[in-house]
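A plain account in paragraphs will do.

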Amino acid sequence: MTQPLIQMQNVDKFFGSFQALKNINLEVHKGERIVVCGPSGSGKSTMIRCINRLEKHNNGKIFIAGRELTDSEKDIDAVRREVGMVFQSFNLFPHMTVLRNLMLAPQLVRKNNKSKAKEIAMKYLERVKIPDQANKYPSQLSGGQQQRVAIARALCMSPEILLFDEPTSALDPEMINEVLEVMEDLANEGMTMICVTHEMGFARSVADRVIFMDLGEIVEEASPQEFFENPKNERTKLFLSQILSH
Amino acid sequence: MSFDISLILDSLPKMLSGIGLTFQLLILSGVLGLFLAFVLLLMRLTEKWYFSLPAQVFIYVFRGTPILVQIFIIYYGLPQFEAIRESIFWPILREPFGCAIVALTLNTGAYVSEILRGAVLAVDRGLLEAGSALGLSRNQRFIYITSPLAIRLGIPPYSNDVISLLKSTALASTITIFDMMGIARTIVAETYAPYEIFISLAIIYMIFTFFIQKGFGYFENFMSRHVKK
Ligand SMILES: Nc1ncnc2c1ncn2[C@@H]1O[C@H](COP(=O)(O)OP(=O)(O)OP(=O)(O)O)[C@@H](O)[C@H]1O
Ligand SMILES: [Mg+2]
């Protein structure tokens, strides 16, 4: 078997004396699509934020493409170049046009010249189907469009892995699908992704594995079919009954 | 009480002849103060105590004491030290104008650095995380994300500080500077007509304040033209 792209080994994370992650073990291989769900406060965001070092884990080891995440700036930079992230609240830079949002990292981090960066940016704007919005500012776009821009911005760095932290929870219902479609396209093209979401339809159709977290632990890890039809853990059953009854 | 209009008409041009000095005080100490504020800000933003602590002490001292006291200490106090009189700063500190500039600069620098710091801290953390996630370094995040957004956030409080600096320049008249206030005081001493003179002077300051406010208002609208209200 090839080496996993992401390896988390016995990872603990503390905020002060509060333990947000307890002995997390996770392996993700290239091309795998993982959906993470669980109740609020269960540590889903914290777990994926440890993968690109937005949070620093306290115990255990994390390897991304074989490189261990340590305090070394060099390792952190290298990992961040390979891991893209999409946030619940989009986090587009409000003072830059859509195009500039997309060109920034390719220029500053990948050291592309301006025309190359622009070419990359336009390529991914087309991929998320909004090339016509290139010269607008984020505040002039709908929520769904903003989130698609945010996905395109992450793609511009050609990451190996994409992390999504509840990418559709801040959206009006009628805009959720346009974002999910883009994510499904990416999944079908073989992007490795970890997606925190409560969109169970998406999990069923796209995920290779579903991970259920509660109280900082991975409680259950199974194929979507197994997960939804035959959950083993009582906490998973309770969670599913709550979320599917809506 | 009678209000002597002809006296006002007479003394207005005299007071206005001090406008140049008032503006020199405002602009020189405004610009130098902004520069100082930026240095203090960078000192405070480093996580090294030997940079941030001196900046904090400086800010505390200058915000915690009346500006008039600061002017007097610099003008009357410093020349008593041999070392000051022999230092390269003496040509500046020998002149009342230099003393006023120094005092106003140090004072406004302390206030403005706190304004800048507030603005920097008010920048949405999520945007900086997005920058980190894209691989931008700390300096790149500061230059491309924090600074442009902090400038927008800092404009309203900064314009307040410029207005209060304008009014503080009037204190320079206490150390023999003939700005508009200095001239007004002389006229009052000669004519014994404090109401007419000081009320017209107050109106002049108010007119300037109005223009400063308007100017910053336009600047703010320009800078936040992309952000929906
Ligand atoms: N910076 C922080 N400082 C202190 N506690 C934190 C911090 N970030 C998260 N926590 C705590 O850690 C726990 C896990 O948080 P996390 O955001 O990972 O949960 P989550 O599963 O993503 O929840 P949600 O569905 O609400 O987003 C929560 O109890 C939260 O209060
Ligand atoms: Mg979360």
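In this predicted model, A:Arg209 is buried, with a relative accessible area of 15%. The cut-off matters here: a residue counts as buried under 20% relative accessible area, so A:Arg209, at 15%, falls in that class. A:Arg209 has its place in strand E9 of chain A, which covers residues 209–214.

What is A:Arg209 in contact with, leaving aside its neighbours within four places in sequence? The list consists of A:Leu26, A:Glu27, A:Val28, A:Glu32, A:Arg33, A:Ile34, A:Val35, A:Glu221, A:Ala222 and A:Pro224. One of these, A:Glu32, also makes a polar contact with A:Arg209, side chain to side chain, at 2.8 Å. Side chains of opposite charge can pair when their charged atoms come close. A:Arg209 and A:Glu32 do form a salt bridge, and their closest N and O atoms are 2.8 Å apart. A:Arg209 belongs to strand E9 of chain A, while A:Glu32 sits in the loop between strand E2 (18–28) and strand E3 (33–37) of chain A, so the pair ties together parts that are 177 residues apart in sequence. A:Glu32 is buried as well, with a relative accessible area of 17%.

Another joins the side chains of A:Glu119 and A:Lys116, at 3.8 Å from N to O. A:Glu119 and A:Lys116 are three residues apart in helix H4 (residues 114–127) of chain A, so about one helical turn separates them. Are these two residues buried or exposed? A:Glu119 counts as exposed because its relative accessibility is 52%. A:Lys116 has a relative accessibility of 36% and therefore counts as partly exposed.

Chain B supplies a further example. B:Glu114 forms a salt bridge with B:Arg44, and the closest N and O atoms of the two are 2.9 Å apart. This pair links distant parts of the chain: B:Glu114 is in helix H7 (residues 96–122) of chain B and B:Arg44 is in helix H2 (residues 19–45) of chain B, 70 residues apart. Salt bridges can also share partners, and in this way A:Arg49, A:Glu55, B:Arg125 and B:Glu129 are joined into one network.

The next topic is the strands. Strands of a sheet pair through backbone hydrogen bonds, either parallel or antiparallel. In chain A, four strands form an open sheet in the order E2-E1-E4-E5, with antiparallel pairing. Which strands lie at its edges? They are E2 and strand E5 (67–68) of chain A, each of which pairs on one side only. Strand E4 (residues 59–64) of chain A is joined to E5(A) by two bridges, and these strands run antiparallel. A:Ile64 has A:Arg67, in E5(A), as its bridge partner.

Notes
Residues are numbered from 1 along each chain as its sequence is written. Chains are lettered from A and ligands numbered from 1 in the order in which they are written. This is a predicted model: local features need pLDDT of at least 70, side-chain atom pairs count only at pLDDT 80 or more; totals for chains, interfaces and linings use all residues. Side-chain values use heavy atoms; hydrogens and water are left out. Buried means under 20% relative accessible area, exposed over 50%, partly exposed in between (1.4 Å probe, protein chains only). A polar contact is a pair of N or O atoms within 3.5 Å; within protein, one must be able to donate a hydrogen and the other to accept it, and residues adjacent in sequence count only if both atoms are side-chain atoms. Contact means heavy atoms within 4.5 Å. A salt bridge is a side-chain nitrogen of Lys or Arg within 4 Å of a carboxyl oxygen of Asp or Glu. Two strands pair if DSSP finds at least two bridges between them.
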